[in-house]
Amino acid sequence: MGMDQVGGHQRSPFDSVRAMAHDDRSDGPWPTLEPTELDLDEWRRSLLARLELLTPSQREAVEHISGPMLVLAGPGSGKTRVMTHRIAYLVAHGVPAWQIVALTFTNKAADELKHRIHQLVPGADVWAGTFHRFCGRLLRRYANLVGLDESFTIYDRDDQKRLLKESVRLAGVELFHYTEDQIGQVIGHVKNRSFDPQQALEELGDPLSALAARVYPVYARRMIECNAVDFDDMLIHVARLLAEQPDLRRTLDARMRYLLVDEYQDTNSVQYAIVRALSVDHPNLVVTGDPDQSIYGWRGADITNILEFERDFPRAKVVRLEQNFRSTQRILAVADQLIANNQRRRHKALLTSNPEGSPVRLTHYPDHRDEAEQVAEHIAQRIAAGDRRANDFAIFYRVNSLSRSFEMALRKRSIPYQVVQGFEFFERREVKDVLSYLSLLINPRNDIAFERVVNSPARGIGKTTVEKLRQHAADQRLPLLDVARSATTIPRLAARSAKLAQKFAQLIDSLSLKVHQSVEEILGLVLSESGLREALENTDATEGEDRLANIDELLNAAREFDEAFVDREGESPLESFLEQAVLASDVDALETETERVTLMTLHAAKGLEFPSVFIVAIEDNILPHARAKSDEAQLEEERRLLFVGITRAREELHLSRAHYRTQRGSVTPTAPSEFLLELPRESMECLDLGVDGHFRLRGRTQRARGDEDFHGGVDGEGFHVDRQAWDAYDGVDELPEDWDRQRSDETVVTTDDDAVDFDPDSWDSSAPSGAASVGRGPASSNSTPQRPVRSKVAPSLVAGKLQTAAQMAGEEGEAKKADPESFRFKQLVLHPEYGTGTIVALSGSGAKRVATVKFVSHGEKTFRLAFSPLTPIG
DNA sequence: TACCTGGGTTTTTTT
DNA sequence: AACCCAGGTA
């Protein structure tokens, strides 16, 4: 659930829960089509009229009734429209709505789909939901077939981690140099790819997997004992059911006769197994997707599912939606060039009849702060000028942690914004504690919840007591709550502790009698009876207040949930509430109507669109993320991620990067993302604001980290730049040659037009040219300055053929800078910010040559000479 | 038992 | 910079 703010004031993060509660009516597993009061003929006529508005290929997809179909839908090609219209078309042709199931990945997408279906086919209760909800529903019904009780709990990541930790202990495996997290990762990896994780782990066979293979069965057993599932289990159980129970499979296949799967490129093999099993007798399976937008490989999404759909279903119809209705020509040109760099891909056209639009802007800011400030400033000005509203803008980034500076900059200007998924509301401790109480009421076997709340608030049941309870529970194979209830019979447990444990059990028991009351009532009872509220009220000042505010928020959500709750088959509202709380995601909370700037990760941006989009921090190790550069497949996924971001933009696209970025508390120089080199310059306008601020930052770094510890050399440890990208990039970096001498505010703009104005005299043609000579390999021992040197480009040499920065880089020249080796002990030097000083210490060579300078008025500082703005005097 | 402090670790993306 | 955990202390 995202934190949602307006100028710093928190808004309810529960909108999605609310929305879902409202929609719950249509969320039933197999709803029937209610006879509408509409004039059917009239409705059919209007539908036909609507079909006239579609493109031929859209129409072809819409009018497909039975049999498998693959819809390859490029970005902005009207995919959702096709899906909804097809559903309407099916209904118009007499298909009962309850036979239609549409599966999506996010609740947001599902809600959108439902909404639009309702508009198109009033009264048709088509089942639309996420894979997880769908499986959750099935699993509640068939829980007993997999050893669960229908009141099972869905464990979130935190719960899951706790159970895993316990399982590692229980399995008695020696972790050696591995960590629990690693074990968890391996298990998670396997569960995303197979519905027989045990076997898959054994097949992997490496030492870590072997360990995981010993932990996994314990984990799986504990899950069942706790009457719980994790996210993956929800899918896995259903996949297994379908595989192992032919009768059930047949029944469900017949029932869900028309299956639609959105974002098919993001399905993993478990989801594939489910979809496949439901499309055997009635293979009316329609999948839509775009291989170029596959960005969930890391969680097992298997792009071959979509690439090989036709092999799976040889008779499948394939429809391509290639016309883009969203973006300008220039934006699409950028997207198209970029994605063309992926090797593992089928060519796909991106066509549009939209206007050319304004150039895509690429800006290099000095540091992250400038980036944030100027983005915010741009937005502020556009809003002030009245040509845009706040909700026209979105800022996308690769990792959540990058949102901070933008939040600050926006807040400073009182621009309302929303962060989609800042941090999880439901994962905050106090909220999670309350939810754990609730969960324990419904599922008394939920040991994780028990452990979580047994001493929260403190009631004297400490570690030792819990350990003994746990021990006993493990011996007797009983849930902790049961053990606590009869704690006095446990040998070696102090009488006082046993009493307290018993008292706790009684508390839970008495609360669980109220389980069928409204969520708000139970919540209130839990808060007062457990002493939680009191404890929070007694904790001091700010923190306690925040927590109380969160609790109040939870109460609000409960109330609103109650109001919207529709009783279905005697299901308890509480159970429903809890399920929604875990499955609610952050993207769901997105508000598109209200006037706010939207901040989110590139992943979350999928499926959305905005008139004006900023994609920030397009830097090496961030946009191809440092952990995603190891192999080509991952790199291509990163490229697709940028592609997804770019194609969200309707009219304006701003790409940016900062020369210096603060991450994890330290300032490091950055290299531009290699993807930037792949973009077509003729559709762009590039602007480099230089490294002004660099000196200031350098100073800060020195102060923060001490002398010898300066961090950030190109060859320094912990900072790996792709030298070639850097150098190649420098060809278009356009800083004046003497950039290090002037703290210029001057900016340099390159467009194709500027190329004509190039002054060959300012280009040092004697410098080596060509990428090979620019890149300084380890072998080069000459005295070339190691600082990535800025230089002017010689675009006129290749006029008319300019394509990408990478190509231009081949034509670059170099400028000179003081050679690090030329500095001497006691040398007088000049620093643009600190003034004059004397070198008092020198060490290292090349890029690592470091000098300590004693300044007249700023004390001692240490510099890497290759990168420093120091100039020798005399 | 609870709180405090220091040290070590961390963030890729999410249902 | 922010968070979590361990270990020490009240």
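How many salt bridges does the structure hold? The structure holds 60 of them, a salt bridge being a side-chain nitrogen of Lys or Arg within 4 Å of a carboxyl oxygen of Asp or Glu. This is a predicted model, in which local features need pLDDT of at least 70 and side-chain atom pairs count only at pLDDT 80 or more, while totals for chains, interfaces and linings use all residues. Residues are numbered from 1 along each chain as its sequence is written, and side-chain values use heavy atoms, with hydrogens and water left out.

One of these pairs joins Lys79 to Asp262, with 3.2 Å between the closest N and O atoms. The pair links distant parts of the chain, 183 residues apart, since Lys79 lies in helix H4 (residues 79-92) and Asp262 in the loop between strand E8 (258-261) and helix H13 (269-277); helices (H or I, at least four residues) and strands (E, at least two) are DSSP runs, numbered from the N terminus. Both Lys79 and Asp262 are buried, where buried means under 20% relative accessible area, exposed over 50%, and partly exposed in between (1.4 Å probe, protein chains only).

Arg382 and Glu652 also meet through their side chains in a salt bridge, at 2.8 Å from N to O. Here too distant parts of the chain are linked, with Arg382 in helix H17 (residues 368-385) and Glu652 in strand E16 (residues 649-663), 270 residues apart. Arg382 is buried at 17% relative accessibility, and Glu652 is buried at 12%.

Asp247 and Arg250, by contrast, are 3 residues apart in helix H12 (residues 246-255), and therefore about one helical turn separates them.

Methods
Chains lettered and ligands numbered in written order.
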